[in-house]
Amino acid sequence: MKLRHYVIRRLFLLIPVLIGVSMLTFTLSHVIGDPIAAYITSQDLRLSDLQMQKIVTAHHLNDPLYSQYYYYVMDLLRGDWGISRTDSDRPVLVSIQNYFPATAELALVSMFFALIVGIPIGIISAVRKDKPADHATRVFSLVGVSTPVFWLALILQYVFYYQFKVHNLPNLPASGRVNQFLWLDHPLHVITGIYSIDSLITGNFSIFFDVLVHLILPAFALSYVFMAVFVRMMRSSMLEVMRQDYITLARSKGLSERVVIYRHALRNAMIPTVTVAGLAFGGLLAGAVLTETVFSWPGVGRWSTSAIVRDDIASIMGFMLIIAIVYMLANLIVDLLYAWIDPRIRLG
Amino acid sequence: MTQMGQVKTSVERKSKSWFDEHAPQIRELKFTLYLLRQSPIVVAGFILVALFIGMAIFAPWIAPHGPEERFWNLPQQPPSWRFPFGTDTTGGDIYSRIIWGSRLDLTIALTVVASAILIGSVLGAISGFMGRAFDEALMRVTDVFLAFPALILAMAVAAALGRNLTNLTIALMVVWWPTYARLVRGQVLAEKERLYVDAARAVGASPARIIFRHVLPNSIFPVIVQATLDLGGVILTAAGLSFIGFGAGAGVAEWGLMIADGRSYLFQSPWIACFPGLAILLSSLGLNLIGDGLRDVLDPRLRR
Amino acid sequence: MPEPILQIRNLKTYFYTYAGVVRALEGIDLDIYQGETLGLVGETGCGKSVTSLSIMRLVADPPGRIVDGQIIYKGEDLLKKSEAQMQQIRGNKITMVFQDPMTFLNPVITIGDQVSEVIAIHENLARDVVRSKIDECEETIKQLDSNSPDRERLMNRVKELEALKDNPPKYSRREMKKATLRRTIEVLKLVQMPSPEKVVKQYPHELSGGMRQRAIIAMALSCSPDLLIADEPTTSLDVTIQAQILALLSELKKKIGSSILIITHDMGIVAEICDRVSVMYAGNIIETAETKALFKNPLHPYTQGLLKAIPKLHRDVEELEIIPGSVPNLIYPPSGCRFHPRCPFRMDICDKENPPFIERERGHSVACYLYQEKK
């Protein structure tokens, strides 16, 4: 079956990229940076020469580069990604495990929000080309793409948290994923780490709503840019498709304009849009770093920025690796979606 | 019966100037500029960008205060006639610092994009032209770089190199060149199929000559569009990185850093964080407007 | 003389572009009679396709617009109808077949679905469901013994169903879908599509060019239209397939009783299947006649040039005849008769005013000052 071949091929193509990525992180941490820094814990304030020697021999840091690289990759595959000074000396992989679900939740919610709002706006903008609705969306789009996400996050905090509070309006929370006091009363049984899902599964509705409320501001900030990119892509893609001959034929069959747009045009327009969405997902991840910092969201993004301030190379490289893996997976999913939507790829 | 007349084949070796040879492209350029003038989006973008460039160039003359000037007795003042955007935590005039900051951010953006274009285009052109092993290798390399979102890769590189402005710029260059390599390579591959390359080859032109005199000029337009959009993107990324803690050391007038400073006192003195952000937004917006308008204008199907 | 099912009077369609106003159709008159095949010939850019799109009111607005004229169908002016009313006519009573089946089929929807959707919106398939139920019952009855008790029951059932025929109840979606599928396969068989059951589930890119065109024809004929407009239906097909498709069209036309307006630049096709033919030049219809009459006695100089330009195998010639000059710019068309700059019989009056379209002999009209004297 062609689809299976396609998937396997795509997976195979990932391998050289993964190797390349590991080479990159290796170069950055061991060649450019100070390799020893990756193995120093927060307790080791000053290392004696003997201690340093120990580290050097234990991690083969005096060996030729290719040898170092070999041990580096072995370590990675074994699960030893170093120690995270930033996270109380926990192993980097454990830190990632702890923090990743929060980022995943934020990213996924933002993405869904962007899609649900972005797709219809893009369609409307294309169908009403050059009318006020279209111009408005173009402006919205361009402003969205130009807005610094961390600044937007701060503005949102200021308005919806501080100003609302000051004026005695119900305000949105500005930090954290959940109200700690509420947690004490209704502790959540964590399964996946994604609180909204876990609370739904366990029927813990007070936590569920609290989590949603905490998600509103950060998800909005994060999705704004993504939405802007998406709307543009959807619009141009729809315009392209509406110009096609098969649309004329569809109309000549007496189909209503609505059917023409939603049954004939949309599916074709989604194809390039889905691809772009995958690439823009990278921007979402990058934005997450900034958004998490502003909203004190306990995800890998905030972890990485704390690591930077402490020059915690191990954490930063671990962060890099996991982001690269996630991004690659996202693009893989996009490619699969692409193949699923377009029968020409699926059936060859 | 046909007459075999004198077959006139005097190949005129009149040396054409570069302008004559590329007359059709120059006509295209003129038409493009004409269309650009028509688009209100592009005009608005140009105005914004001109504003910021003017700000950057004439900073010493238009900024009421120097970037280092501090009014230690007047910290966190709200906007007033004396300080149009207020003062920050150390008493610096935000208005002036934004103007001075434009020098920094615009310089970084220009440096990064110019270098990225240079490195990327050359590598991409060679790769597309030569093909085979070099091409494959370069593509794998760009794959690795493009496997990361821009900000995150820049973060890692800057972290490895050390946190200062120069390294920030280098990190950004490292992040941005692959896009141009791919772009130019794609153009070169498309142009390679065109007949004039075979013709040039037949006449004996060297590959380098073909690349530089013929292929690159034809690939310019998409590169220009991408560059304009990237300038905006670099400004955003650089500001983001400064916000996190890279780049400028404390006290330097840099937009991202100013926002970071303003964060601690966001609720009491929101203007500290607000105005630098607006500066980033507007400068980036201006560039995106131009890039967007340019892209629409250059779309072959929308022309004529 | 049968009544024309479609009458076009003074149709003007302009395109408003940056470069200027393209006067694509400058007041054309056309009649299509019931059951005939009318050919519309002309060079590329003369306005043939615009004519078909104008009839269907599918002209892209902007930049195009029908500025004047009438298109009378069944006593009503199509140009005055609302979009909703047009949607009931399109695909149903007036349908179209297009030139390039590859680009005119939606690549992500199955052939079956693309054909079914026409049927589903225009036909009341509930009747089909009733009919097929009746058929089922009658089948079963045939197989029973003459004195089986079930016989009586089934015959009553058939009587009930017969009563429902004119006012069928609302059947379930499943039943309707089944009926639609049955109809779809029927229509595909009608256009001689090989293995229609298989094709129904396939996508356009899996079919050959001839099969795709058959699919489009199937869509166009599925609701038994009064008029089928075929815009260069065979231009992008192989010559052998071309012959098959033309034969198919003629056959089906007779079976269903539709008229066909076939747009083409190929005089060979005209000679083959057209009863009458209209010749277009630069947005005007300059001659209309029965096919035989046109070939035997072309009146308009352009028509004469066209016919002369066709290479003839039975004669030995050294040079092909051409019509000197080129097709005019429709933004700035020549004054008066648009053909006059290229006409070997040009007279003084020709550049003053567009010659009126006058019936010269029975069924043979021409727009040329050479023939303006009344009989």
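**Strands, helices and chain contacts**

Visitor: In which sense do strand S10 and strand S12 of chain C pair?

Guide: Strand S10 covers residues 284-290 of chain C, and strand S12 covers residues 364-366. Helices (H or I, at least four residues) and strands (E, at least two) are DSSP runs, numbered from the N terminus. Two strands pair if DSSP finds at least two bridges between them. S10 and S12 of chain C are joined over two bridges, and the sense is antiparallel.

Visitor: Before we go on, how are things numbered, and what kind of model is this?

Guide: Residues are numbered from 1 along each chain as its sequence is written, while chains are lettered from A and ligands numbered from 1 in the order in which they are written. This is a predicted model, in which local features need pLDDT of at least 70, side-chain atom pairs count only at pLDDT 80 or more, and totals for chains, interfaces and linings use all residues.

Visitor: Which residue stands opposite C:Thr288?

Guide: Look across to S12(C), where the facing residue sits. The one opposite C:Thr288 is C:Ser365.

Visitor: Which strands stand at the edges of the sheet in chain C?

Guide: The open sheet has eight strands with mixed pairing, in the order S6-S7-S8-S3-S9-S10-S12-S11. An edge strand has a single partner strand, so one side of it is left without a neighbour in the sheet. In chain C, the strands at the edges are S6 (94-97) and S11 (358-361).

Visitor: By how many degrees are neighbouring strands of this sheet turned against each other on average?

Guide: Axes are lines fitted to C-alpha atoms, for helices over the stretch in contact, and angles run from 0 to 180 degrees between N-to-C directions. For this sheet, direction is ignored, and the average turn is 20 degrees.

Visitor: How many residues of strand S3 in chain C are buried?

Guide: A residue is buried if 20 or more other C-beta atoms lie within 10 Å of its own, exposed if 12 or fewer, and partly exposed in between, with C-beta atoms placed from the backbone. Both faces of S3(C) are covered, with C:Thr37, C:Gly39 and C:Val41 on one side and C:Leu38 and C:Leu40 on the other. The count for S3 (residues 37-41) is five of its five residues.

Visitor: What is the bridge partner of C:Leu38 in S9(C)?

Guide: S3(C) pairs in the parallel sense with strand S8 (residues 259-264) over five bridges, and C:Leu38 stands opposite C:Leu261 there. S3(C) also pairs in the parallel sense with strand S9 (residues 276-281), over four bridges. In S9(C), the partner of C:Leu38 is C:Arg276.

Visitor: Why does C:His340 count as buried?

Guide: C:His340 lies in the loop between helix H13 (301-309) and S11 of chain C. Two residues are in contact if their C-beta atoms, placed from the backbone, lie within 7 Å. Leaving aside neighbours within four places in sequence, C:His340 is in contact with C:Pro334, C:Arg346, C:Cys350 and C:Asp351. C:His340 is buried because the number of other C-beta atoms within 10 Å is 22.

Visitor: Now to chain A: are H6(A) and H11(A) roughly parallel or roughly perpendicular?

Guide: The two helices pack with their axes 9 Å apart, at an angle of about 30 degrees. Angles under 35 degrees count as roughly parallel, over 145 as roughly antiparallel, 65 to 115 as roughly perpendicular and the rest as oblique. That makes H6(A) and H11(A) roughly parallel.

Visitor: How many residues of the contact of H6(A) with H11(A) are nonpolar?

Guide: Residues of H6(A), including A:Phe150 and A:Leu154, meet residues of H11(A), including A:Leu290 and A:Val294. Ala, Val, Leu, Ile, Met, Phe, Trp, Tyr, Cys and Pro count as nonpolar, Asp, Glu, Lys and Arg as charged, and the others, Gly among them, as polar. In this contact three residues are polar and no residue is charged, while the nonpolar count is seven.

Visitor: How many residues does chain B give to the contact with chain A?

Guide: Chain A brings 39 residues to this contact. Among the elements of chain A giving two or more are H1 (2-32) and H13 (313-341). The side of chain A divides into 29 nonpolar, 10 polar and no charged residues. From chain B, the number is 36 residues.

Visitor: Which element gives the most to the side of chain A that touches chain C?

Guide: Here 20 residues of chain A are in contact with 26 residues of chain C. By class, the side of chain A has seven nonpolar, seven polar and six charged residues. With seven residues, the element that gives the most is H10(A).
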